[in-house]
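Here is a friendly walk through one protein model, in questions and answers. Keep the viewer open as you read.

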Amino acid sequence: MPAASATLEIRGVTRRFGKNTAVSDISISIPQGQMVGVIGRSGAGKSTLLRMINRLIDPSQGSIFFDGAEVSKLQGSPLRRWQRDCAMIFQQFNLVPRLDVLTNVLLGKLNHRSTLSNLLGMFSRAECAEAVAALERLDIASAALQPAGTLSGGQQQRVAIARAMMQQPRVILADEPIASLDPLNAKVVMDSLQDINLREGITVVTNLHTLDTARTYCNRIIGMAAGKVVFDGAPEELDREAVRLVYGADSNGGEISEAITSTSVAFKRKIAASAGPLESAFPGY
Ligand SMILES: Nc1ncnc2c1ncn2[C@@H]1O[C@H](COP(=O)(O)OP(=O)(O)OP(=O)(O)O)[C@@H](O)[C@H]1O
Ligand SMILES: [Mg+2]
């Protein structure tokens with residue numbers, strides 16, 4: 001059943017790291033049920049924005065509201081409730097590799113339970129059944145008893161989505177969920193997020209490093225450059241000029257080089273190995 005309608009409001013939000021302004025005075029309003037793609041060059045501030053929404057970091061200025069409540073002010077158990085309502089998916093899956101898949105998924109329930117039952121480490125039959133159902137939905141139930149670390153990247157990301165669903169979230173924030181995946185697995189993961197968005201009416205906000213994916217899956221695209229929103233509209237409004245605004249003059253209007261948008265570790269490694277002069281653009285890889 002779709003969650004009750006609630007808007008995510010970002011009002012005048014800025015985040016500084018020392019002298020560097022990662023996000024600069026952003027105001028956006030996201031109604032419940034939208035599937036939003038956030039695009040922009042590496043360093044544009046996409047992850048910082050998502051992390052502030054989830055309260056992994058706090059804004060330097062401005063406020064964030066959900067369903068009328070100021071989430072940027074929450075502390076203690078209301079903050080934990082918000083972090084449960086607002087599930088996060090990461091590029092590197094963030095599973096516990098040595099634990100089996102089912103237990104990883106059950107960990108999504110921790111914020112729903114009393115401290116005592118968490119300490120006892122026991123999950124009820126109903127919780128286990130819910131976890132299996134979540135895995136079945138993501139077509140990965142056959143791996144339930146395998147250590148999560150033995151699964152392929154695409155499988156692990158599906159487990160991470162199943163874990164997120166155990167939180168019964170109202171919003172899913174995904175930070176480059178497919179940047180480490182091959183095209184086939186990337187499609188499976190994006191199809192799953194879209195299905196959740198359409199069937200449950202859960203708002204999805206996802207950072208994406210390829211324009212094609214944002215165009216295919218999102219009904220709204222937010223383009224960021226140097227910490228600011230420079231485009232906010234429907235995929236069909238993202239024309240050559242808008243693409244240049246987001247990615248800069250060297251983006252050749254629509255034909256975006258992966259090198260300026262990708263944050264995939266594998267991609268950076270490939271570039272570094274195949275093209276000497278570009279290596280300096282990706283120090284450390
Ligand atoms: N914890 C931090 N400490 C210091 N600076 C940070 C921190 N997190 C982010 N920054 C800086 O803030 C800016 C925005 O970073 P952010 O990670 O949000 O960009 P991004 O758009 O997600 O980039 P990418 O596509 O590479 O993931 C960058 O200049 C980055 O170096
Ligand atoms: Mg990022």
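Q: Which residues does I26 touch, not counting residues up to four places away in sequence?
A: This is a predicted model, and in it I26 lies in strand β2. Leaving out residues up to four places away in sequence, the contacts of I26 are I10, V13, L49, K228 and V229.

Q: Is I26 buried or exposed?
A: A residue counts as buried if 20 or more other C-beta atoms lie within 10 Å of its own. I26 has 22 such neighbours inside 10 Å, so I26 counts as buried.

Q: How many Å apart in space are I26 and L49, C-alpha to C-alpha?
A: L49 is one of the residues that I26 touches. In sequence the two are 23 residues apart. From C-alpha to C-alpha, I26 and L49 are separated by 8.9 Å.

Q: Which strand pairs with β9 in the antiparallel sense, over five bridges?
A: β9 covers residues 220–225. Its antiparallel partner, joined over five bridges, covers residues 228–233. In this pairing A225 stands opposite K228, and K228 is also one of the residues touched by I26. The partner strand is β10.

Q: What is the phi of A226, in the turn of the hairpin?
A: β9 and β10 form a hairpin with two residues between them. Most residues other than glycine have a negative phi. A226 sits in the turn and has a positive phi, of about 45 degrees.

Q: Which residue in β9 is the bridge partner of V36?
A: Strand β3 (residues 35–39) and β9 run parallel, joined by four bridges. Within β9, the residue bridged to V36 is R220.

Q: In what order do the six strands of the open sheet lie?
A: The pairing in this open sheet is mixed: β9 runs antiparallel to β10 and parallel to β3. The order is β6-β7-β8-β3-β9-β10.

Q: Which are the edge strands of this sheet?
A: An edge strand here pairs on one side only. From one strand to the next, the twist averages 15 degrees. The edge strands are β6 (86–90) and β10.

Q: Which element supplies the largest share of the shell around ligand 1?
A: Twelve residues lie around ligand 1, and F17, A22, S42, S47 and T48 come nearest. Both β2 (20–30) and α1 (46–53) supply at least two residues of this shell. The largest share, three residues, comes from α1.

Q: How many residues of the shell around ligand 1 are charged?
A: The shell around ligand 1 holds eight polar and three nonpolar residues. The number of charged residues is one.

Q: Is R55 buried or partly exposed?
A: R55 is found in the loop between α1 and β4 (61–66), with a positive phi near 65 degrees. Being buried takes 20 or more other C-beta atoms within 10 Å. R55 has 19 within that distance, so R55 is partly exposed.

Q: Is F93 buried or exposed?
A: F93 lies in the loop between β6 and α3 (101–106). Its phi is positive, about 70 degrees, although F93 is not a glycine. F93 has 23 C-beta neighbours inside 10 Å, and therefore F93 counts as buried.

Q: Which residues does W82 touch, not counting residues up to four places away in sequence?
A: W82 is in helix α2 (residues 76–85). W82 counts as buried because 22 C-beta neighbours lie inside 10 Å. Setting aside residues up to four places away in sequence, W82 touches R55, V71 and L74.

Q: Which residues does V105 touch, not counting residues up to four places away in sequence?
A: V105 is among the core residues that touch the most other members. Apart from residues up to four places away in sequence, V105 touches A131, A134, L135, V159, A162, R163 and M166.

Q: What percentage of the residues of the protein count as buried?
A: The protein has eleven helices and ten strands. Among contacts between residues at least 6 apart in sequence, 66% join residues at least 24 apart. Of its 285 residues, the share that counts as buried is 41%.

Key. Residues are numbered from 1 along each chain as its sequence is written. Chains are lettered from A and ligands numbered from 1 in the order in which they are written. This is a predicted model: local features need pLDDT of at least 70, side-chain atom pairs count only at pLDDT 80 or more; totals for chains, interfaces and linings use all residues. Two strands pair if DSSP finds at least two bridges between them. A residue is near a molecule or strand if its C-beta atom, placed from the backbone, lies within 6 Å of it. Ala, Val, Leu, Ile, Met, Phe, Trp, Tyr, Cys and Pro count as nonpolar, Asp, Glu, Lys and Arg as charged, and the others, Gly among them, as polar. A nonpolar core is a set of buried Ala, Val, Leu, Ile, Met, Phe, Trp, Tyr and Cys residues joined through C-beta atoms within 7 Å. A residue is buried if 20 or more other C-beta atoms lie within 10 Å of its own, exposed if 12 or fewer, and partly exposed in between; C-beta atoms are placed from the backbone. Two residues are in contact if their C-beta atoms, placed from the backbone, lie within 7 Å. Axes are lines fitted to C-alpha atoms, for helices over the stretch in contact, and angles run from 0 to 180 degrees between N-to-C directions.
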